[in-house]
Amino acid sequence: ASSTQCCVTMSPMSLTATTSSDEEDDSDSSTKPIRSEKKKSPASLFQTGGDPPKEKKSKKKVPAKGAESEEETPETLQKNSNKKGKAKKSKKKEERPPSPVIEVDNLEEFVLQPAPQGVTVKCRVTRDKKGMDRGLYPTYYLHLDNDKKVFLLAGRKRKKSKTSNYLISIDPTDLSRGGENFIGKLRSNLMGTRFTVFDNGANPDRANADWSNVRQELSAVVYETNVLGFKGPRKMTVIIPGMNADCERVPIRPRNDNDGLLMRWQNRNMDNVIELHNKAPVWNDETQSYVLNFHGRVTHASVKNFQIVHSSDPDYIVMQFGRVADDAFTMDYNYPLCAVQAFAIALSSFDGKLACE
């Protein structure tokens with residue numbers, strides 16, 4: 001059986017879609033029976049301490065009405081997706097199966113809630129560069145990738161910030177810090193290689209007595225340079241809070257800068273913290289490129305294309321992101337990520353110091 005693959009080429013360091021066989025992957029994993037025997041369920045993979053995961057409660061306000069089935073994955077894709085012409089038009093719908101039906105009753109609740117287990121939430125990110133200063137400060141929009149194209153989030157970099165600072169809002173027209181639609185933010189270090197994602201809670205300076213109003217850190221992203229700078233495949237580490245026995249995110253509310261996800265990760269203090277990585281692409285001699293399997297969800301070459309996995313189960317894709325047009329990208333995420341975490345991780349890949357097309 002053939003499957004859709006996507007690759008990162010060294011020059012011009014882009015991701016291209018090719019068709020290639022899965023046989024190598026299968027034989028490779030069969031030589032490592034230990035790993036497959038030890039595979040955990042997603043619930044136990046991300047749980048940090050406490051009892052074994054309980055059965056999911058059924059009183060969810062935001063039910064997902066359908067799970068994506070692997071069998072629906074299209075078998076083939078045009079040989080070279082850099083050719084932006086014919087094949088793309090005729091096969092577009094077939095290549096990119098839409099998201100399962102997901103009801104978004106309460107947008108604020110939905111975007112902070114982990115994806116339901118067993119469901120891949122399929123989204124689309126569009127980049128709007130039109131209008132005054134949007135060349136420098138584009139607005140990014142996140143929608144569900146289905147017929148209704150339900151709006152989820154908008155993000156934009158703040159202008160007068162010393163470091164890269166993106167505001168994330170649940171209203172596409174209100175991207176102000178003080179507005180009631182502010183849902184989170186992404187902030188980088190001075191080098192632009194480390195990012196932290198916060199929800200809309202208060203700064204620790206304005207904490208109430210029990211700290212319950214203080215902002216949570218939802219994730220952190222670390223980009224490593226390799227010997228080629230950013231010309232080769234990027235290396236990403238994503239740090240997220242662990243999940244408790246009820247499959248809810250463990251709140252991480254740092255009281256100061258020495259207590260956040262990045263510092264805990266740096267000091268290897270991994271209680272209630274999960275470390276994820278981007279899946280390493282494999283070099284393909286035939287196409288002279290680095291290859292990853294995106295199952296038809298990515299059709300264009302880009303250094304920004306990536307998949308995030310847990311080292312204990314590299315076949316479980318926690319999140320994937322990739323280009324489908326000049327200013328359009330697909331973003332799919334699974335449990336335990338929520339939309340805000342995944343969108344912020346995607347926004348980090350656009351940042352100026354990293355962004356080489």
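Predicted model: local features only at pLDDT ≥ 70, side-chain atom pairs only at ≥ 80, totals over all residues.
Good morning. Five of the six residues of strand β4, residues 139-144, are buried, so the rest of the structure largely encloses this strand.

Let me turn to the neighbours of β4. On one side of the pairing list is strand β3, residues 121-128, which runs antiparallel to β4 and is joined to it by six bridges. Within that pairing, Asp128 has Thr139 of β4 as its bridge partner. Strand β5, residues 151-157, is also antiparallel to β4, with five bridges between them. Here Thr139 is partnered by Arg156 of β5. Six residues separate the strands in the hairpin of β4 and β5, where Lys149 adopts a positive phi near 50°.

I now come to the aromatic residues. Phe46 is buried, at a relative accessible area of 0%, and Tyr335 is buried at 1%.

A further pair consists of Phe321 and Phe350: the ring centres are 5.8 Å apart and the planes stand at 85°, so it is edge-to-face. Phe321 belongs to strand β15 and Phe350 to the segment after α7, 29 residues apart. Phe321 counts as buried at 0% relative accessibility, as does Phe350 at 7%.

Finally, one aromatic cluster is formed by Tyr140, Phe306, Phe321, Phe329 and Phe350. Thank you.

Note on methods. Residues numbered from 1 in each chain as written. Heavy atoms only, no water. Buried < 20%, exposed > 50% of the residue type's maximum accessible area, 1.4 Å probe, protein only. Helix = DSSP H or I, 4+ residues; strand = E, 2+ residues; numbered from the N terminus. Pairing = 2+ DSSP bridges. Phe/Tyr/Trp six-rings, centres within 6.5 Å; stacked < 30°, edge-to-face > 60°.
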